[in-house]
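Here is a briefing on one protein chain. Please read it alongside the sequence and the 3D view.

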Amino acid sequence: MADNKTFISFHGAAGEVTGSRHLVETPAGSLLLDCGMFQGHRSDAQQKNRDFKFPPASVDAALLSHAHVDHCGLMPLLYKNGCDAPLYATPATAEITTIMLADSARLQENDAQFFNKIHAAEHLTIEPLYGEEDANRAVDHFRPVEYGAPFSPLAGVEATLLNAGHVLGSAMVQLDLETAGGRRRVVYTGDLGREETLLLETPQPPKNADYLVIESTYGNRLHEPLMDASGKLAEVIKRAWNDGGKIIIPSFALERTQEIILVIDKLRHERAVPEIPVYVDSPMAISLTEIFNKHRGNLCFDAKFRDYARHDGDPFGFDYIHYLRSKDESQALNNKKGPMIIISASGMCEGGRILHHLRNNLDKDTTTVLLVGYQAQGTLGRKLQDGEKKVKIFGMEHDVLARVDTMHSFSSHADKNDLLDFIKRAAPARGVFLVHGDPEARAALQQTLTAAGAKNVRCPAMGERFELN
Ligand SMILES: [Zn+2]
């Protein structure tokens with residue numbers, strides 16, 4: 001690297017939506033933005049996850065935008081492989097990431113054990129990327145920083161974390177740094193929230209940005225309005241109440257679960273639905289909800305929620321919501337009669353307690369499976385969404401007589417219009433890098449932006465490096 005030059009290079013989420021990691025090289029050292037896990041088919045993902053393309057020990061400072069595994073999931077491997085840099089994030093992100101990484105390590109250890117057992121005859125084995133000890137070592141490097149409080153991760157670099165409105169604790173990273181061409185402002189959005197949200201403050205475009213590194217997940221799509229959510233949920237609840245049925249909601253433990261609880265609570269306050277028992281059956285969702293409670297005054301929450309939480313000491317609690325930690329409590333639900341709502345993970349029905357609830361209830365026509373998040377191709381959630389009448393769970397075939405409904409209104413990502421509006425208002429003077437989007441979504445956004453007169457809109461390829469000047 002030439003002495004006085006500054007570069008940015010892209011080592012993940014370049015033409016795809018997982019594995020976010022971007023490296024900023026300055027004369028004073030290297031700064032890593034996120035270190036996410038690639039998710040996808042096993043062998044392909046394993047390879048990409050193990051191959052860093054830069055020496056982990058060369059990272060002098062790491063910044064984490066938020067606690068989703070596709071942004072933080074490889075931090076343990078980074079630190080296992082020689083990095084010893086301070087890791088900056090908001091306090092809420094640090095707390096949530098600690099839970100997410102421990103869980104990720106356990107899942108990988110279980111996965112590897114299971115894989116190695118069933119492939120023992122072929123002598124095929126896989127190794128987890130890291131274990132719980134490595135996860136602990138990584139989170140020991142956290143240096144929590146509040147929103148809006150400038151700090152200096154490297155000599156000559158001033159960084160500020162700004163609300164990204166995506167999940168609790170999520171932040172955009174604003175970097176003011178010296179380049180060969182002068183002092184420049186580079187803003188990395190991480191994942192960007194919607195303009196219309198249930199819980200979080202709408203993200204505000206940064207001022208005087210020179211370069212914007214922005215996600216493009218929904219660069220070619222629009223979301224259904226969030227306002228539709230409560231009406232649709234009320235309909236489903238009333239039907240289950242009349243049929244005595246169970247509503248099974250596969251849900252991501254972070255943010256989506258808390259949003260659903262809040263919508264139910266709001267319907268309850270409005271007396272729009274009967275008092276249907278709600279069971280939150282996910283130890284991880286419970287731990288995360290506790291963090292939401294603890295941080296309920298956090299500035300990333302919108303004023304409406306903060307105000308509500310000031311008056312209600314337990315914003316995610318009410319008389320007939322039950323949080324189930326133990327396996328026994330979870331299994332006991334099988335013998336309980338409906339109506340009831342069961343919220344459980346995983347969100348795409350790929351593992352976890354949700355599988356047991358589906359296994360026990362899919363063959364009843366009084367059951368409703370309510371899908372509230374994106375269902376990737378090939379997952380059990382997607383098969384149910386596509387209307388398959390027989391599905392396999394734990395190797396056994398089950399008839400699907402349950403009704404499967406999808407609510408498209410929930411999303412924690414900005415849609416096409418939100419992204420365009422954000423970029424237009426940020427008006428970066430020197431260029432835009434589009435990351436974290438499938439090729440079609442990213443190309444469509446690039447085209448729309450260029451047609452609207454934006455200059456230097458780039459879709460960086462994996463490993464591509466650009467000088468910032
Ligand atoms: Zn995210």
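**Domains and their contact**

The protein chain divides into domain 1 (6–221 + 412–468) and domain 2 (228–406). The model is a predicted one. The C-alpha centres of the two domains, domain 1 and domain 2, are 29 Å apart.

- Domain 1 puts 19 residues into the contact, and domain 2 puts in 17 residues.
- On the side of domain 1 that touches domain 2, helix α4 (residues 91–118) gives the most, with 5 residues.
- That side of domain 1 has 10 nonpolar, 6 polar and 3 charged residues.

**The nonpolar core**

- The largest nonpolar core holds 128 residues.
- Ala62, Leu63, Met75, Ile96, Val173 and Ile249 touch the most other members of this core.
- Helix α4 gives the most to the core, with 7 residues.
- Domain 1 (6–221 + 412–468) and domain 2 (228–406) both give residues to the core, so it lies between them.
- Leucine 63 is in contact with Leu31, Leu33, Tyr88, Pro153, Ala159 and Val173, leaving aside its neighbours within four places in sequence.

**The open sheet**

- Six strands form an open sheet: 6 strands in the order β14-β13-β15-β12-β16-β19, with parallel pairing.
- β14 (321–323) and β19 (403–406) stand at the edges. Each has a single partner strand, so one side of each is left without a neighbour in the sheet.
- On average, neighbouring strands of this sheet are turned by 20° against each other, direction ignored.
- Strand β13 (residues 278–281) runs parallel to strand β15 (residues 340–344), and 4 bridges join them.
- Valine 280 has isoleucine 343, in β15, as its bridge partner.
- Helix α11 (residues 354–361) lies across β12 (246–250) and β15. The helix α11 runs at about 145° to β12.

Most residues other than glycine have a negative phi, and most peptide bonds are trans. Which sites depart from this?

- The peptide bond from glycine 338 to proline 339 is cis, with omega near 0°.
- Proline 339 sits in the loop between α10 (327–332) and β15.
- Alanine 345 and serine 346 are also joined by a cis peptide bond, with omega about 10°.
- Serine 346 is in the loop between β15 and α11.
- Cysteine 349 lies in the loop between β15 and α11 too. Cysteine 349 is not a glycine, yet it has a positive phi of about 60°.
- Is cysteine 349 buried or exposed? Cysteine 349 is buried, because 26 other C-beta atoms lie within 10 Å and the cut-off for buried is 20 or more.
- Asparagine 208 is found in the loop between β10 (182–188) and β11 (211–215). Asparagine 208 has a positive phi of about 55°, although it is not a glycine.
- With 13 other C-beta atoms within 10 Å, asparagine 208 is partly exposed.

Definitions and conventions
Residues are numbered from 1 along each chain as its sequence is written. This is a predicted model: local features need pLDDT of at least 70, side-chain atom pairs count only at pLDDT 80 or more; totals for chains, interfaces and linings use all residues. Domain bounds come from an automatic or database domain assignment. Two residues are in contact if their C-beta atoms, placed from the backbone, lie within 7 Å. Helices (H or I, at least four residues) and strands (E, at least two) are DSSP runs, numbered from the N terminus. Ala, Val, Leu, Ile, Met, Phe, Trp, Tyr, Cys and Pro count as nonpolar, Asp, Glu, Lys and Arg as charged, and the others, Gly among them, as polar. Two strands pair if DSSP finds at least two bridges between them. Axes are lines fitted to C-alpha atoms, for helices over the stretch in contact, and angles run from 0 to 180 degrees between N-to-C directions. A nonpolar core is a set of buried Ala, Val, Leu, Ile, Met, Phe, Trp, Tyr and Cys residues joined through C-beta atoms within 7 Å. A residue is buried if 20 or more other C-beta atoms lie within 10 Å of its own, exposed if 12 or fewer, and partly exposed in between; C-beta atoms are placed from the backbone.
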